[in-house]
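Let's walk through a protein model together, one neighbourhood at a time. Keep the picture open as you read.

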Amino acid sequence: MVVTHVATSTTEGATSPTKAKKNRRKITRKNANSFPSDPSSSHRHPDGEDEEMSFALSGAGSSLHSESNVAQNDDEDELMIDTDHTTLATSSTAPAFPPVAPGAEKTTLKSETRRIPVPPHRMTPLKKDWLNIFGPLTEILGLQVRMNVQRRCVEIRTSKHTKDIGALQKGADFIKAYALGFDVNDAIALLRLDDLYLDSFEIKDVKTLHGDHLSRAIGRIAGQDGKTKFTIENTSRTRIVLADTKIHIMGSFQNIKIARDALVSLILGSPPGKVYAGLRTVSSRMKQRAL
């Protein structure tokens, strides 16, 4: 009985280390699968167990490295998507608003007022021709007009009947042309036509003249009984007002240039006959262009 007890004890002692080794291997495999946070731990293992641990750690490190590369590639793809030009173009496009109704502009516009001064020597003709002046302004342009006698000016204002945006400027040009000395029938053309303008200059702008020299220059421009002035007007299709040393021309841009060149040549001393010859050539060219 004693021998058998010893045998059993020896067998148990012989089998116990192998069971411990198997248990240790299972523990190491479980640790390798669980990816320890600190690979350089202070636990000591046998040589075989160390190799298994190193193999498990190397496999875990390679898998971690591959996962980090995938995550980095995903981040780069997200960055590339953020910097795409199509997304920037769509975000920077202007918003689309519906079109404005045709009658909306009239309701939002405020009434504008313009005041045109009238010289003292034109107040009496203005009172006589007042019916012919405010009639076209109210009927054609739809403006409100009044005469301010104390300030010696004519005041015009837009109203709900005003249709054209430039009606106020046209009305101001019409009254200004009458104040400069043009006839009412000639000034009405500014309301009906769009390519008519006013041009003003003085004789001293062309040449400095004094005394009798200035008087003779004015006489050359007017001519005997206004013959020269009428000839220039009919040839260049303009209207000219000679007010002392100031000259006012009304017409289209090209016609104003033709009349101004003729007047400048008369101021500089050219004889009227030479100016007439130049006007004949200009009028023939204008007729050819019209054909």
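Phe134 is partly exposed, because its relative accessibility is 29%; buried means under 20% relative accessible area, exposed over 50%, and partly exposed in between, using a 1.4 Å probe and protein chains only. Trp130, at 18% relative accessibility, counts as buried. The model you are looking at is predicted, so local features need pLDDT of at least 70 and side-chain atom pairs count only at pLDDT 80 or more, while totals for chains, interfaces and linings use all residues. Residues are numbered from 1 along each chain as its sequence is written, and side-chain values use heavy atoms, with hydrogens and water left out.

How are Trp130 and Phe134 placed along helix 6? They are four residues apart in this helix (residues 130-139), so about one helical turn separates them. Helices (H or I, at least four residues) and strands (E, at least two) are DSSP runs, numbered from the N terminus. The structure holds one aromatic pair. In it, the ring centres of Trp130 and Phe134 are 5.9 Å apart and the planes are at 35°, so the pair is tilted. Rings of Phe, Tyr and Trp (its six-membered ring) pair if their centres lie within 6.5 Å; planes under 30 degrees apart count as stacked, over 60 as edge-to-face and the rest as tilted.

Next, find Arg151 in the loop between strand 2 (144-148) and strand 3 (153-157). Is Arg151 buried or exposed? With a relative accessible area of 52%, Arg151 is exposed. Its C-alpha atom is separated by 9.0 Å from that of Val118, a residue 33 residues apart from Arg151 along the chain.

Now turn to helix 12 (residues 227-236), where you will find Thr228. Thr228 counts as buried because its relative accessibility is 4%. Leaving aside residues up to four places away in sequence, Thr228 touches Arg220, Ile221, Ala222, Gly223, Leu266 and Tyr276, where contact means heavy atoms within 4.5 Å.

Helix 12 also has a packing partner: helix 14 (residues 272-290) lies with its axis 10 Å from that of helix 12, at an angle of about 20°. That makes the two helices roughly parallel. Axes are lines fitted to C-alpha atoms, for helices over the stretch in contact, and angles run from 0 to 180 degrees between N-to-C directions; those under 35 degrees count as roughly parallel, over 145 as roughly antiparallel, 65 to 115 as roughly perpendicular and the rest as oblique. Among the residues making the contact are Thr228 of helix 12 and Tyr276 of helix 14.
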